[in-house]
Amino acid sequence: MAEYKQYITQIQENGNVMISEDVIATIVAQTVSEVEGVAELVSKPGADIADLIGKKAWGKGMKILIAEDNSLTIGCNIMIKYGFSVVDVASAVQTGVTTAVESMTGVKVVSVNVNVCGITRE
């Protein structure tokens, strides 16, 4: 089974660049908040425990896995606003997150898994 890291390391000509999982989480959270039809990211039950054991992003409604080859698998838990197409909003989240993370970090996003936890009347 692959071991997962908390940093992405990119070797540059003048040294290394390390990108924290928290940086990826910030990009994901901002991108998701800008998708039309998304009400919010949703924390799973036990998020406070996840924070304690070092899985900070999971407490924020997302899960970020950095593989040995520095590729990313991202999971998002979202609430959708009533009246929007669940499939269309989830697809827009996948596209937006992939584009934003890849363009800002240069890291390959393998998949963005969207878990629609509910619908809200905002």
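Q: Where is Asn-70 found in this predicted model?
A: Asn-70 sits in the loop that links E4 and E5. The model is a predicted one.

Q: Why does Asn-70 count as buried?
A: The relative accessibility of Asn-70 is 17%. Buried means under 20%, so at 17% Asn-70 falls in the buried class.

Q: What is there to say about the phi of Asn-70?
A: Asn-70 is not a glycine, and still its phi is positive, at about 70 degrees.

Q: How do you know whether Ser-71 is buried or exposed?
A: Ser-71 has a relative accessible area of 11%, and the limit for buried is under 20%. Ser-71 is therefore buried. Like Asn-70, Ser-71 belongs to the loop between strand E4 (62-66) and strand E5 (72-81).

Q: What makes the pairing of the Ser-71 and Asp-69 side chains a polar contact?
A: The two side chains are 2.6 Å apart in this contact. A polar contact asks for a pair of N or O atoms within 3.5 Å, one able to donate a hydrogen and the other to accept it. The Ser-71 and Asp-69 side chains make such a contact.

Q: Which residues is Ser-71 in contact with, leaving aside its neighbours within four places in sequence?
A: With those neighbours left aside, the contacts of Ser-71 are Leu-65, Ile-66, Val-107, Lys-108 and Val-110.

Q: Why is Glu-102 called partly exposed?
A: Glu-102, a residue of helix H3, has a relative accessible area of 27%. Partly exposed covers what lies between the buried limit of 20% and the exposed limit of 50%, so 27% places Glu-102 there.

Q: Which residues does Glu-102 touch, leaving aside its neighbours within four places in sequence?
A: Apart from those neighbours, Glu-102 is in contact with Val-107, Lys-108 and Val-109. As for Ile-24, 78 residues away along the chain, its C-alpha atom is 10.0 Å from that of Glu-102.

Q: Why are H1 and H3 described as oblique to each other?
A: Helix H1 (residues 21-33) and helix H3 (residues 86-105) pack at about 140 degrees, and their axes are 9 Å apart. Roughly antiparallel would need an angle over 145, and roughly perpendicular one from 65 to 115. The pair is therefore oblique. The crossing is right-handed.

Q: Which residues make the contact between H1 and H3?
A: H1 brings Ile-24, Ile-27, Val-28, Thr-31 and Val-32, while H3 brings Val-93, Gly-96, Val-97, Ala-100, Val-101, Met-104 and Thr-105. Sorted by class, nine are nonpolar, three are polar and none is charged.

Q: How many helices and strands does the chain have, and in what order do they run?
A: There are three helices and six strands, which run β-β-α-β-α-β-β-α-β from the N terminus. Of the 122 residues in the chain, 38% are buried.

Notes: Residues numbered from 1 in each chain as written. Predicted model: local features only at pLDDT ≥ 70, side-chain atom pairs only at ≥ 80, totals over all residues. Heavy atoms only, no water. Axes fitted to C-alpha atoms, helices over the stretch in contact; angles between N-to-C directions. Helix = DSSP H or I, 4+ residues; strand = E, 2+ residues; numbered from the N terminus. Parallel < 35°, antiparallel > 145°, perpendicular 65-115°, else oblique. Left-handed = near helix turned anticlockwise from the far one by under 90°. Contact = heavy atoms within 4.5 Å. Nonpolar A, V, L, I, M, F, W, Y, C, P; charged D, E, K, R; others polar. Buried < 20%, exposed > 50% of the residue type's maximum accessible area, 1.4 Å probe, protein only.
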